[in-house]
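I opened this model to look up its sheet, its aromatic pairs and a few single residues. My notes follow in the order I took them.

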Amino acid sequence: MRKLGVIGGLGPMATAIFMKMVVEMTDAAVDQDHIEMIIYNCPRIPDRTNFILGLSGRDPAPEMIEIGERLAAQGAELIAIPCITANYFYDRLSSGIRAQIIDIIDEIYAYLVRRNIRCAGLMATSGTIESRLFQRVFEDNGCRLVIPSGERQQDVMHVIYQNVKANRPVEMERFLAVSRELREAGAEVVILGCTELSVVRESCQIGAGFLDAMQLMAKCAVESCGRLREEYQELITS
């Protein structure tokens, strides 16, 4: 069984939920059947969105690489980073860490295409959207991606930063307003493209037609490091 390393703390609650997801998804009868995980919960890593948008000069990549190398030195063969915006640094992280890193955006695209999804909506940080992490993968391969308007993107950021990261109740009217706009633009599935939005899915009734990026990351980790329970093959909410 491969050992899983987790660069965590981006944010802390998302990391805790990621571990819970991995445990729940693993086909295990006893403790010893579960995946060995090394989790480095490091909330001091600089904010990824602020750096990408030029609002901060603090580059988070060196600290992520340092932590990833520590995990690899302890035997981690696969690295998960429960922060979708961190994929902006994927090439730098891959060249600096001696372990495979889950490329979650490619995994999301492949998962949707296998299910014949032709149009997806995206709820993510402004850093993820402005850097076109998803747009490059989806548009280059012929799958349409719709993103929120400026006003609705402010709602997404409010839910992420003022609700989840601040450990406050989720303002579901904001979340649902974004979802409605994306579906009216043709989205068959709405991607929860920020791990803080996984916290929303875990704690609130969000309805059908959502794909949780962090849940898919957990699925990929379990498939690579252990045995996946059959009921977690299909992740789009119903």
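I started with the sheet. Four strands form an open sheet in the order S6-S5-S7-S8, and the pairing is parallel. I took two strands as paired if DSSP finds at least two bridges between them. Strands here are DSSP runs of E of at least two residues, helices are runs of H or I of at least four, and both are numbered from the N terminus. The edges are strand S6 (144–146) and strand S8 (210–212), each of which pairs on one side only. The twist averages 30 degrees from one strand to the next.

I noted the conditions before going further. This is a predicted model, where local features need pLDDT of at least 70, side-chain atom pairs count only at pLDDT 80 or more, and totals for chains, interfaces and linings use all residues. Residues are numbered from 1 along each chain as its sequence is written, and side-chain values use heavy atoms, with hydrogens and water left out.

Next I looked at S5. Strand S5 (residues 119–123) is joined to S6 by 3 bridges, and the two run parallel. S5 also pairs with S7 in the parallel sense, over 4 bridges. Which residues does Gly121 meet in S6 and S7? In S6 the bridge partner of Gly121 is Val146. In S7, Gly121 stands opposite Val190.

I then checked burial (relative accessible area under 20% is buried, over 50% exposed, in between partly exposed; 1.4 Å probe, protein chains only). In S5, 5 of the 5 residues are buried, so the strand is largely enclosed by the rest of the structure. Cys119, Gly121 and Met123 point one way from S5, while Ala120 and Leu122 point the other way.

I looked for a helix on the sheet. Helix H11 (residues 213–225) lies across strand S7 (189–192) and S8, running at about 50 degrees to S8. Axes are lines fitted to C-alpha atoms, for helices over the stretch in contact, and angles run from 0 to 180 degrees between N-to-C directions.

I turned to the rings. Phe, Tyr and Trp (its six-membered ring) pair if ring centres lie within 6.5 Å; planes under 30 degrees apart are stacked, over 60 edge-to-face, the rest tilted. By this rule I count 5 aromatic pairs. Tyr88 and Phe89 have ring centres 4.9 Å apart and planes at 80 degrees, so this pair is edge-to-face. Tyr88 is partly exposed at 39% relative accessible area, whereas Phe89 is buried at 1%. Tyr109 and Phe138 are also edge-to-face, at 5.2 Å centre to centre and 85 degrees between the planes. Tyr109 lies in helix H5 (residues 104–114) and Phe138 in helix H7 (residues 133–140), so the pair ties together parts 29 residues apart in sequence. Tyr109 is buried at 13%, and Phe138 is buried at 0%. Phe51, Tyr88 and Phe89 form one aromatic cluster.

I also searched for charges over rings (NZ of Lys or CZ of Arg within 6 Å of the ring centre and within 35 degrees of the ring normal). Arg115 lies over the face of Tyr111, 3.5 Å from the ring centre. Arg183 lies over the face of Phe210, at 4.8 Å.

My last entry is Thr15. Thr15 sits in helix H1 (residues 12–25) and is buried, at 5% relative accessible area. Leaving out residues up to four places away in sequence, Thr15 touches Val6, Gly8, Gly9, Leu10, Ile39 and Asn41. Contact means heavy atoms within 4.5 Å.
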